[in-house]
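You are welcome to read along.

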Amino acid sequence: MYAFTYHNPVRILFGKGMIAKMAPHIPAGARVLLTYGGGSIKTNGVYEQVSAALKERSVLEFGGIEPNPRYETLMQAVELARREKIDFLLAVGGGSVLDGSKFISAAVPYRHADPWELLSKHAKIKTAIPLAAVLTLPATGSEMNSVAVISRESTRQKLAFGSPLLFPLFSVLDPETTLSLSPRQTANGVVDAYAHVLEQYLTFPNQAALQERQAEAILLTLLQEGPRVMAVPESYEHRANIMWCATQALNGVIGCGVPQDWATHGIGHELTALHGLDHAQTLAVVFPALLRHQRVQKMEKLIQYGARIWGLEESESSVEQAIDKTEAFFRSLGVKTRLHEYGIDDRDFHSIGRILEERDGRIGERKDIGAAEVEAILRLCA
Ligand code: NZQ
Ligand code: ZN
């Protein structure tokens with residue numbers, strides 16, 4: 001196991017009715033900016049609950065943060081927050097609203113230059129406005145991590161950044177807020193959480209026995225609860241299990257001291273930037289293909305994955321079956337796994353590989369995926 005430092009300061013308020021309990025955790029006298037997305041919170045009762053919880057507080061609002069949040073939109077919020085001397089952000093929504101709010105949090109005090117540098121140059125974040133979240137879509141883990149992914153419309157880029165200063169102060173996870181999710185968003189969340197575990201688990205063995213078992217516990221729970229939540233979307237209990245899985249999948253715990261891949265996410269972000277696919281759709285497409293392409297390098301963990309997750313024989317000959325079952329699981333949730341099913345042909349395959357290698361170098365847990373390998377992986381999922 002590698003050496004690691006682990007610190008996660010996010011207070012979690014989990015369960016039905018917990019929105020009403022958040023106010024004491026917001027600093028007294030704070031000037032709050034409530035950020036939200038395209039309006040789902042106005043139709044599912046979440047906005048009313050948040051307004052009631054904050055009725056004694058000074059609150060301004062900024063709505064309209066879109067899925068795959070855009071720099072162009074977020075800079076309008078940055079201007080508003082600077083003008084109004086906002087000193088606390090409350091993000092109410094899915095991963096996009098949370099990520100967008102993390103960008104606002106870091107960008108408001110970044111006055112000496114264009115805050116896009118936070119992403120393009122990974123400029124150091126010395127200060128950020130404290131933020132908290134009311135999560136309405138379990139998927140990204142953004143509610144309990146310090147990372148955000150932001151898109152820039154004008155350059156068709158989608159880039160990630162992070163800082164310990166961007167951990168939410170607290171996050172409210174009320175599974176009831178997720179009852180209004182569409183089947184598509186529900187399935188996307190399951191796929192994203194599953195993929196987050198695979199990125200930290202399907203690499204090579206390094207004697208991290210507990211982290212492996214923790215990762216497997218999340219995978220097995222998603223395999224059990226995913227189909228159940230699709231079949232009975234009104235079930236609080238299934239929603240609750242999915243919500244806690246998604247948070248645990250990317251709050252750093254299972255990633256402690258282990259090699260990590262993240263190549264599927266890297267390739268997936270480019271597919272979203274160029275073609276507008278949902279984040280989870282890109283993962284459902286790329287992950288099976290990446291596993292097929294990297295099966296030799298990942299062999300030991302793939303065998304373990306096949307045996308412990310899918311009950312297959314512990315041998316090399318079961319590996320293809322484990323990958324097929326993974327792809328079939330994504331499809332069973334209604335998420336398509338081939339690019340042509342989203343109307344995407346091979347015209348950008350070469351340039352996606354080149355963009356990634358130029359920007360990030362070679363990727364994957366062994367740094368053995370460069371431009372040519374990315375192109376080959378994309379051909380495998382065409
Ligand atoms: O905008 P509104 O109207 O709220 O509607 C949203 C949006 O259209 C809707 N929605 C959210 N909660 C709802 C709801 N609809 C009904 N009922 C509810 N309770 O769902 C749509 C999608 O929302 P979005 O926030 O975009 O989805 P998600 O949570 O999957 O976030 C995706 C973004 O997170 C990034 C992705 O790249 C993508 O930009 N990621 C962030 C990560 C992180 N911070 O650690 C890691 C991930 O790997 C990922 O990259
Ligand atoms: Zn993801």
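Before I start, one cut-off for my notes: a residue is buried under 20% relative accessible area, exposed over 50%, and partly exposed in between. I also remind myself that this is a predicted model.

**Entry: helix H14**

I began with a salt bridge. Glu375 pairs with Arg379, and their closest N and O atoms are 3.1 Å apart. Both residues lie in helix H14, four residues apart, which is about one turn of the helix. How exposed is Arg379? I found a relative accessible area of 44% for Arg379, so it falls in the partly exposed class.

At 38% relative accessibility, Leu380 is partly exposed. Which residues does Leu380 touch, once its neighbours within four places in sequence are set aside? I wrote down Ala289, Arg292, His293 and Arg338. Ala289 is 91 residues away from Leu380 along the chain, yet their C-alpha atoms are separated by 5.5 Å.

Two of those contacts turned up again in my next search. Arg292 and Arg338 belong to a network of salt bridges that also links Arg295, Glu320, Asp324 and Glu327.

**Entry: the nonpolar cores**

A general note first: in soluble globular proteins, nonpolar side chains tend to be buried together. With that in mind, I searched for cores. The largest nonpolar core has 59 residues, and Tyr194, Tyr305 and Leu378 have the most contacts inside it. I followed up Leu378. Leaving out its neighbours within four places in sequence, I found Leu378 in contact with Ile267, Leu271, Leu339, Phe349 and Ile352. There is also a second, separate core of 38 residues, and Ile65, Leu98, Leu118 and Ala123 are among them.

**Entry: a nonpolar patch on the surface**

I looked at the outside too. Met1, Phe4 and Tyr6 make a nonpolar surface patch of about 320 Å². Met1 is in the segment before strand E1 (11-14), and at 53% relative accessibility it counts as exposed.

How many salt bridges does a search of the whole structure find? The count is 24. Here is the general idea: side chains of opposite charge can pair when their charged atoms come close.

I picked two more to look at. The side chains of Asp261 and Lys298 meet at 2.7 Å, N to O. Asp261 lies in the loop between helix H8 (236-249) and H9, and Lys298 in the loop between helix H10 (279-293) and helix H11 (299-310), so the pair ties together parts that are 37 residues apart in sequence. Both Asp261 and Lys298 are buried.

The other one joins Lys121 to Glu117, with 3.4 Å between the closest N and O atoms. Here the two ends fall in separate classes: Lys121 is exposed at 58%, while Glu117 is buried at 19%.

**Entry: positive phi angles**

My last look-up was about the backbone. Most residues other than glycine have a negative phi, and most peptide bonds are trans. I noted two residues with a positive value.

- Asn68 has a phi near 55°. I found it in the loop between strand E3 (58-62) and helix H3 (71-83), and its relative accessibility of 19% makes it buried.
- Arg156 has a phi near 50°. It is in the loop between strand E6 (147-152) and strand E7 (157-162), and at 49% relative accessibility it counts as partly exposed.

How values were computed
Residues numbered from 1 in each chain as written. Chains lettered and ligands numbered in written order. Predicted model: local features only at pLDDT ≥ 70, side-chain atom pairs only at ≥ 80, totals over all residues. Heavy atoms only, no water. Patch = residues over 30% accessible without salt bridge, like charges linked within 9 Å, V, L, I, M, F, W, Y side chains within 5 Å. Areas by Shrake-Rupley, 256 points an atom, 1.4 Å probe, with all protein chains shown as cover. Salt bridge = Lys/Arg side-chain N within 4 Å of Asp/Glu carboxyl O. Buried < 20%, exposed > 50% of the residue type's maximum accessible area, 1.4 Å probe, protein only. Core = buried A, V, L, I, M, F, W, Y, C linked by side-chain atoms within 4.5 Å. Contact = heavy atoms within 4.5 Å.
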